[in-house]
Amino acid sequence: MPFRIWLACYCLIVFSGSGVAQDKSSADITLGSGDLIRIVVFQNPDLTVETRVSESGTVTYPLLGSVKVGGLTLDAAEKQIAKGLRDGGFVPQPQVNISLSQILGNRVSILGMVGKPGRFPLETFNTRLTDILATAGGISPGGDDSVILIGSRDGKPFRKEIDVPSLYLDSKRDDDVVVSGGDIIYVHRAPVYYIYGEVQKPGSFRIERGMTVQQALVQAGGPSARGLERWLRMHRRDKEGQLVESSPELFDPVRPNDVIYVRESFF
């Protein structure tokens, strides 16, 4: 095959569709809000722009206006812009190349009591809280049921506390919000109570949902041979932070940081 024909075939393969060839690892990246990209159209320098993907997943591009690229790979975004230029009659055979100048918005930070804390990419543009928690290995056994989501929406600070089990137990699916690039998800340690005195296993224990004093005693192994469940004292801080001592009933609720003392029976 003559060299000129071979070269023409090579160029057709490389530049067809979205334009110039690029590294496969870069082409597989999904664009998200906050990403800074550079768009180049071969032999059309006036169409070379550097722009940032908006929160709605769009970029503003010459001749085309608003173009949806959020959730697309670089290759798919190149084809999207090339199609717009071709269909609009602006460039007959556009050869579009998009490169990432800064990856910012398409990652979410997950901190605290999860299986794998870290920063995770958003694989799709409608990733929900439960999806990204699953990516991080879920909430660890010592983690709280509620998670705190911090970020920004419409340019304003955003904070929401979400009770994860209630998404399924109480069908509160609307609280399974869509996460955005740059969001921070924090899972605090689960609330605990403390128990000491005449019990089988004194120490601190996780407070389960709806836990009563009786259930707290069972979790600690129950009273010892010298203790009785009716000989209880509760130490709890009130709203002003003052320590209040009381004699709880077995079906009273347990609150975070309660201290239960099982006294010794003298009979």
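Is Ser171 buried or exposed? With a relative accessible area of 58%, Ser171 is exposed, and the views described below, which come from a predicted model, return to this residue after a look at the chain as a whole.

**View 1. The protein chain contains six helices and 15 strands.** Of the 267 residues in the protein chain, 36% are buried. The chain exposes about 15,500 Å², and carbon and sulfur atoms supply 54% of that area. Among the contacts in the protein chain with a separation of 6 or more, 57% are accounted for by residues 24 or more positions apart.

**View 2. Ser171 and Leu63 are residues other than glycine that have a positive phi.** For Ser171, phi is near 55°, and the residue lies in the loop that runs between helix H5 (166–169) and strand S10 (184–187). Its relative accessible area of 58% lies over the 50% cut-off, so Ser171 counts as exposed. For Leu63, phi is near 75°, and this residue is found in the loop between strand S3 (58–61) and strand S4 (65–68). Leu63 is likewise exposed, with a relative accessible area of 51%.

**View 3. Leu111, Ile150, Ile184 and Tyr186 make a nonpolar surface patch.** The area of the patch formed by these four side chains is about 310 Å². One of its members, Leu111, has its place in strand S6, which spans residues 107–112. Leu111 is partly exposed, its relative accessible area being 41%.

**View 4. Asp145 and Arg209 form a salt bridge between two loops.** The closest N and O atoms of this pair are 3.2 Å apart. Arg209 is partly exposed, with a relative accessible area of 43%.

**View 5. Arg209 also forms a salt bridge with Asp163.** Here the closest N and O atoms are 3.1 Å apart. The pair links distant parts of the chain, since Arg209 is in the loop between S12 and H6 while Asp163 is in strand S9 (residues 156–163), 46 residues apart. Asp163 counts as partly exposed, at 24% relative accessibility.

**View 6. Asp145, Asp163, Arg206, Glu208 and Arg209 are linked in a network of salt bridges.** Glu208 is partly exposed, with a relative accessible area of 37%. A search of the whole structure finds 13 salt bridges.

**View 7. The charged end of Arg153 sits over the ring of Phe158.** The distance from this charged end to the centre of the ring is 4.6 Å. As for pairs formed between aromatic rings, the count for this structure comes to two.

Technical notes:
Residues numbered from 1 in each chain as written. Predicted model: local features only at pLDDT ≥ 70, side-chain atom pairs only at ≥ 80, totals over all residues. Heavy atoms only, no water. Helix = DSSP H or I, 4+ residues; strand = E, 2+ residues; numbered from the N terminus. Buried < 20%, exposed > 50% of the residue type's maximum accessible area, 1.4 Å probe, protein only. Patch = residues over 30% accessible without salt bridge, like charges linked within 9 Å, V, L, I, M, F, W, Y side chains within 5 Å. Areas by Shrake-Rupley, 256 points an atom, 1.4 Å probe, with all protein chains shown as cover. Phe/Tyr/Trp six-rings, centres within 6.5 Å; stacked < 30°, edge-to-face > 60°. Lys NZ or Arg CZ within 6 Å of the ring centre and 35° of its normal. Contact = heavy atoms within 4.5 Å.
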